[in-house]
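Visitor: I've got a structure to look at and I'd like to learn how to read its packing. Can you walk me through it?

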Amino acid sequence: MKIHQLRDVIAVADKGSLRAASRYLNVSQSAMTKSIQSLEKELGVQLLYRSTRHVALTDPGLRFLDACRRMVESAENALAGLREDELS
């Protein structure tokens, strides 16, 4: 599991589509799709319902979203702490 995959899940949830999420994160839609599919394979669970016009989080995806937000926030806080230490 990689931090960018967690950010991808968050972006899809927040933006409502793979296209909007990929634009927001400035990555190609195919890269975003591959990232999330790879994460789903690693976790052994489907995170998103996909149709030609709609993407929604599955129940496991909704539960995982909360964990994604916490993990990304924790990683960002850790990095901010390191940067503060470098400036001191």
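Visitor: At what angle do helix 1 and helix 3 pack, and how far apart are their axes?

Guide: Two numbers describe a pair of packed helices: the angle between the axes and the distance between them. Keep in mind that this is a predicted model. Here helix 1 and helix 3 pack at about 110 degrees, with their axes 9 Å apart. Angles of 65 to 115 degrees count as roughly perpendicular, so helix 1 is roughly perpendicular to helix 3.

Visitor: Which residues make the contact?

Guide: From helix 1 you have His4, Gln5, Asp8, Val9 and Val12; helix 3 brings Met32, Ser35, Ile36, Ser38, Leu39 and Glu42. By type, the contact of helix 1 with helix 3 splits into five nonpolar, four polar and two charged residues.

Visitor: And which residues have the most contacts inside the largest nonpolar core?

Guide: In soluble globular proteins, nonpolar side chains tend to be buried together. In this model the largest nonpolar core has 18 residues, and Val9, Val12, Leu18 and Leu48 have the most contacts inside it. Helices 1, 2, 3 and 4 and strand 2 each supply at least two of its residues. Helix 1 gives the largest share, five residues.

Visitor: What does Val12 touch, beyond residues up to four places away in sequence?

Guide: Ser17, Leu18, Ala21, Met32, Ile36, Leu48 and Val55.

Visitor: Is Ala13 buried, exposed or partly exposed?

Guide: Ala13, also in helix 1, is partly exposed, because its relative accessible area is 28% and buried means under 20%. Setting aside neighbours within four places in sequence, Ala13 is in contact with Leu57 and Leu65.

Note on methods
Residues are numbered from 1 along each chain as its sequence is written. This is a predicted model: local features need pLDDT of at least 70, side-chain atom pairs count only at pLDDT 80 or more; totals for chains, interfaces and linings use all residues. Side-chain values use heavy atoms; hydrogens and water are left out. A nonpolar core is a set of buried Ala, Val, Leu, Ile, Met, Phe, Trp, Tyr and Cys residues joined through side-chain atoms within 4.5 Å. Buried means under 20% relative accessible area, exposed over 50%, partly exposed in between (1.4 Å probe, protein chains only). Helices (H or I, at least four residues) and strands (E, at least two) are DSSP runs, numbered from the N terminus. Contact means heavy atoms within 4.5 Å. Axes are lines fitted to C-alpha atoms, for helices over the stretch in contact, and angles run from 0 to 180 degrees between N-to-C directions. Angles under 35 degrees count as roughly parallel, over 145 as roughly antiparallel, 65 to 115 as roughly perpendicular and the rest as oblique. Ala, Val, Leu, Ile, Met, Phe, Trp, Tyr, Cys and Pro count as nonpolar, Asp, Glu, Lys and Arg as charged, and the others, Gly among them, as polar.
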